Amino acid sequence: MAERVPEKKPDQSSSSSESESAVHIVYVERPQDMEPEAFHIQTLASVLGSEEAAKEALIYSYKTAASGFSAKLTPQQVSLISKLPGVLQVVPSRTLQLHSGPGRLH
């Protein structure tokens, strides 16, 4: 089950790189020697420059069925984080809508 990390409100002074950012899911190898969320923050911090920036960007930390996290990342950050050791895959987050109604339940 995904653990919800409290969402932070963006600063009023958004940079252009922030406006280009989108939510991505980053799948990583399960860390052996540290807590998953600490590993996720450390991985993000290595690309974003600080632990505080990593905590701001982190949206979810996945720890049970999958190992990874979702975060708002720019295309350049996606490129950098994809190359880090232990990162398996980075994919854009998608919202799917189920369609059902009378006659579609079969």
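**Notebook: salt bridges, a helix and a glycine**

I began with Lys-63, which is partly exposed at 26% relative accessibility; buried means under 20% relative accessible area, exposed over 50%, and partly exposed in between (1.4 Å probe, protein chains only). This is a predicted model, in which local features need pLDDT of at least 70, side-chain atom pairs count only at pLDDT 80 or more, and totals for chains, interfaces and linings use all residues. Residues are numbered from 1 along each chain as its sequence is written, and side-chain values use heavy atoms, with hydrogens and water left out.

**Entry on salt bridges**

I looked up the partner of Lys-63 and found Glu-37, in a salt bridge of 3.3 Å, N to O. The term stands for a side-chain nitrogen of Lys or Arg within 4 Å of a carboxyl oxygen of Asp or Glu. The pair links distant parts of the chain, with Glu-37 in helix α2 and Lys-63 in the loop between β3 and β4, 26 residues apart. I took helices (H or I, at least four residues) and strands (E, at least two) as DSSP runs, numbered from the N terminus. Glu-37 is partly exposed, at 21% relative accessible area.

How many salt bridges are there by this rule? I noted two. Lys-55 pairs with Glu-51, their closest N and O atoms being 3.2 Å apart. Both lie in helix α3, four residues apart, about one turn of the helix. Lys-55 has a relative accessible area of 38%, and Glu-51 has 47%.

**Entry on helix α2**

I then followed α2, residues 36-48, which has 13 residues and reaches 18 Å from first C-alpha to last. That is close to the 18 Å expected, where the expected span is 1.5 Å times one less than the number of residues. Its buried residues include Phe-39, His-40 and Leu-44. I found the buried residues of α2 packing against β2, α3, β3, β4, α4 and β5. Just after α2, Gly-49 takes a positive phi of about 100°.

**Entry on Gly-68**

Is Gly-68 buried or exposed? I found Gly-68 buried, at 1% relative accessible area. Gly-68 is in strand β4 and touches, among others, Val-26, His-40 and Ser-61, not counting residues up to four places away in sequence; contact means heavy atoms within 4.5 Å. Gly-68 is the bridge partner of Tyr-27. Six bridges join β2 to β4, which run antiparallel; strands pair if DSSP finds at least two bridges between them. I also saw β2 and β5 paired antiparallel over five bridges, with Val-26 opposite Val-90 in β5.
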